Amino acid sequence: MASQSSVCTLGGTIWNNQLLFSRLVQKKNKAATQSAALQEPRIIRYTLTCIALAFLAFFIVLPLVSIFITAFQKGVDVYFAAITHPDALAAIKLTLIVVAITVPLNAIFGVMAAWALTKFNFRGKNLLLTMVDLPFAVSPVIAGLVFILLFGSQGLFGDWLFAHDIKIVFALPGIVLATIFVTLPFVARELIPLMQTQGTSEEEASISLGASGFKTFWYVTLPNIKWGLFYGVILCNARAIGEFGAVSVVSGHIRGMTNTMPLHIEILYNEYQFAAAFAVASLMSVMAIFTLIVKDIIAWKSKSS
């Protein structure tokens, strides 16, 4: 207990000193940036601001407003009938299940990968970093096709899975695997730059005082990265809810069973049920807006803490 208390006290002292120094640097940089910005002619500042606001209004606000207008175009009764339809409820439930499985797994992997890449030197480090970035480079449709080639009926493991009555593609496991693949980098990529900036001095001090690796992570590293971790989880959650390409390939589009919300919206739209399609889309938009609000709260907390 004494060793643990010493580690916590030392870690807290080092962190407070670093925090005070970083705040002084941030204030100095902010003041310099503001003074430089004020030196620009007023007409340039106003013009750039108006262009940015017009761009956001045309490409983000206007489509978002049109979604809600179309969703309620045929009345509130049609809207609630669309989002409470059994197929819609099944799509919402499946989406939430996929998110509940995918986000925690990617959070655990992201922390482990970031810890390994920033705190240790080992052979294959660049290869691991490349593998973390791979889902950004591969099309989601191609990722879904890879799972079909691996686990489909004619795939590499298809005969073995069929013999043991295990369903991967056109079922929940395939959807989860596809979603994990496309959302894998978000937590890791949020934590790696943060942990690289923090360095290893606090962990080395903790280890030198006799703390174990787990205690060092739990009492020193994790408190320093908690806001970055939350931010990465929010981004991963948002992508998991809206993923379409990879899930579309591995789901089979079975109504009431393997359709997530984006796939259900596509089917309704293709069947010219525009009000119902936009009703479900508005529900996804509400989720996205809520996610952005949480992200902004986390960003504000991380700056004020």
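Is cysteine 236 buried or exposed, and what is its relative accessible area? Cysteine 236 is buried, with a relative accessible area of 0%, where buried means under 20% relative accessible area, exposed over 50% and partly exposed in between (1.4 Å probe, protein chains only). The views below come from a predicted model, in which local features need pLDDT of at least 70 and side-chain atom pairs count only at pLDDT 80 or more, while totals for chains, interfaces and linings use all residues. Residues are numbered from 1 along each chain as its sequence is written, and side-chain values use heavy atoms, with hydrogens and water left out.

**View 1. The protein chain has 14 helices and 0 strands.** Helices (H or I, at least four residues) and strands (E, at least two) are DSSP runs, numbered from the N terminus. Buried residues make up 35% of the 305 residues in the chain. Of the contacts (heavy atoms within 4.5 Å) with a separation of 6 or more, 73% are between residues 24 or more positions apart.

**View 2. Confidence in the protein chain is lowest in helix H1 (residues 2-38) and highest in helix H8 (residues 172-183).** The mean pLDDT, the predictor's confidence in each residue from 0 to 100, is 51 in H1 and 94 in H8. Over residues 1-12 the pLDDT is below 50, and this stretch has 14 contacts in the model beyond near neighbours in sequence. For the chain, the mean pLDDT is 84, and 86% of the residues reach 70 or more.

**View 3. The largest nonpolar core has 35 residues.** A nonpolar core is a set of buried Ala, Val, Leu, Ile, Met, Phe, Trp, Tyr and Cys residues joined through side-chain atoms within 4.5 Å. Among the residues with the most contacts inside this core are Leu191, Leu229, Met261 and Val280. The elements giving two or more residues to the core include helix H2 (42-71), helix H4 (86-119), helix H11 (213-242) and helix H14 (274-304), and H4 gives the most, with 9 residues. Leucine 229 touches Val111, Val187, Leu191 and Leu222, not counting residues up to four places away in sequence.

**View 4. Helix H8 has 12 residues and reaches 16 Å from its first C-alpha to its last.** This span is close to the 16 Å expected at 1.5 Å a residue, the expected span being 1.5 Å times one less than the number of residues. The buried residues of H8 include Gly174, Ile175, Ala178 and Thr179. What covers the buried residues of H8 includes H4, helix H5 (125-137), helix H6 (140-151) and helix H12 (245-251).

**View 5. Asparagine 106 lies in helix H4.** Asparagine 106 counts as buried because its relative accessible area is 2%. Leaving aside its neighbours within four places in sequence, asparagine 106 is in contact with Ile180, Thr183, Leu184, Val187 and Cys236.

**View 6. Arginine 255 is placed in the loop between H12 and H13.** With a relative accessible area of 39%, arginine 255 is partly exposed. Not counting residues up to four places away in sequence, arginine 255 touches Asp87, Ile267 and Glu271. Arginine 255 and alanine 91 are 164 residues apart in sequence and 8.3 Å apart in space, C-alpha to C-alpha.
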